[in-house]
Amino acid sequence: MSKTIITVVGKDTVGIIAKVCTYLADNQVNVEDISQTIVQGYFNMMMIVDTSGSTKPYAEMVTELDDLGDAIGVRIRCQREDIFTKMHRI
Amino acid sequence: MINILEVNETNKMIEQEKLDVRTITLGISLLDCCDADLDALNRNIYDKITRLAKDLVSTGREIELEYGIPIVNKRISVTPIALVGGRACRSPEDFVEVAKTLDKAARDMGVNFIGGYSAIVSKGMTPNEEALIRSIPAALAATERVCSSVNIGSTKTGINMDAVKLMGEIVRETAEATKENNSLGCAKLVVLCNAPDDNPFMAGAFHGVSEADAVINVGVSGPGVIKHALEGVRGENFEVLCETVKKTAFKVTRAGQLVAQEASERLGIPFGIVDLSLAPTPSVGDSVAGILEAMGLESVGAPGTTAALALLNDQVKKGGIMASSFVGGLSGAFIPVSEDQGMIDAVNRGALTIEKLEAMTCVCSVGLDMIAIPGDTPASTISGIIADEAAIGMINNKTTAVRLIPVIGKDVGETVEFGGLLGHAPVQEVNRFCCADFINRGGRIPAPVHSFKN
């Protein structure tokens, strides 16, 4: 199964990574890589995760992460990696 | 491994530059639905469409959610109904019943358009085909989601001028039949030359007889993405300009190819083609006119417009062809007026006439598309415009199309609202000189000399 990319973009506040990681741990999603930058006060994080151990339907996870983002005040997107690799790799 | 910059670039394309997959179109052959009894035919058609398309919309939504890319439309195209209904339909009224069946199937499947209420009469018309064509005004007035197309010429066959004459009348009758609704029926009726069998875009989509039983075709889009990329190379030479379009088209098409393969796998229906077209929408920033203006034109329609469009069309193909294993359909830039805010603005500021649009159709993938014209335009004039476009298609070995809307009760300077993706359009002036004697000659224009390649 292909990997999933989770991106978090928004105003930097305390505990963003903790909250996202807690959600992922609760749903048996393994985080394989994290990179982050802060551009002009805006928090910008990308995680590569493996969802194959999770029993949660993919669509549900997308929606729940979106809701979690709303609660923290950031934008969280959860997308299958293929959309990026197809576009940026030949 | 993919990096954060690449991820951000893709998501910026989707969120800010309106990158989307314009349509997943499920092509369905209805040839095995033929029956001599009209009720049985309608039942067969409804059953086959609903059996094959039952998961189309939900699968589209699933892919949309998982990859985070909008898939704007899920649609269906079917075998030209003139062929399918031939045995059962003995009159135009019988064909209208088939149109109603298609409409019901589309509504029940949750798709916004179903294409294929069509006839291919490039060289001649059978009585069935003529009956279908004559039923178009009533069929489009009686249905909501059915799209109709008639192919009246090709490079191989020449132009069927009897059909051209008839279609001028049919376009007018369709306008009259739907005049309570701004002659909206004409927005769902396109007259083609060199129509492709695998076009996923409406209104000209149909499932050609060269196709398999069912197939998934995908139409990509992304004018906003190309425009944004060009804004980054202002003042650079044409080599840089062309490379930028090409690379961006590659990325846009890869997204379409991925969606097509996923949809094909999940639905268990073979992948047909990706159509590389740049399809604008009325929303700001999703405009092909905007791309041409980003190249350095004060307004689309200015001198240089045709050259700009030619290079855009060519570079989109060059970038897109490598991104997809199978390319087909119309593949190029669409230049509808009502569906592109930049085109509408250009018409309103007096920069863009029908004649300039006609020149542009020589170098892009379609034709005179979604243009509102005065409601009193004679049928012969509409036929003349159709003949001109067909001649461009026939001579240049390309698809051309005419989707004109003679808006009953409206004249030049007024605006007409079609709603949704169909947008709104200023009524444009049409050349008032008469071509009736030319159109009334009857017969056909022979195929051009360069079509004889055997």
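1. Let's start with one residue pair: B:Ile216 sits across from B:Phe271, which belongs to strand 8 of chain B. Strands here are DSSP runs of E with at least two residues, and helices are H or I runs of at least four, numbered from the N terminus. Keep in mind that this is a predicted model, where local features need pLDDT of at least 70 and side-chain atom pairs 80 or more, while totals for chains, interfaces and linings use all residues. Residues count from 1 along each chain as its sequence is written, and chains are lettered from A and ligands numbered from 1 in the order in which they are written.

2. Strand 7 of chain B and strand 8 (residues 271-275) of chain B run parallel, joined by 3 bridges. Two strands pair if DSSP finds at least two bridges between them.

3. Strand 7 of chain B also pairs with strand 1 (residues 21-28) of chain B, this time antiparallel, through 7 bridges. One example: B:Thr23 has B:Gly219 as its bridge partner.

4. Is strand 7 of chain B buried or exposed? In this strand (residues 214-220), 6 of the 7 residues are buried, so the rest of the structure largely encloses it. Buried means 20 or more other C-beta atoms (placed from the backbone) within 10 Å of the residue's own.

5. Now zoom out: chain B splits into domain 1 (21-193) and domain 2 (220-446), with bounds from an automatic or database domain assignment. Their centres, taken over C-alpha atoms, are 22 Å apart.

Technical notes: Buried ≥ 20, exposed ≤ 12 C-beta atoms within 10 Å, placed from the backbone.
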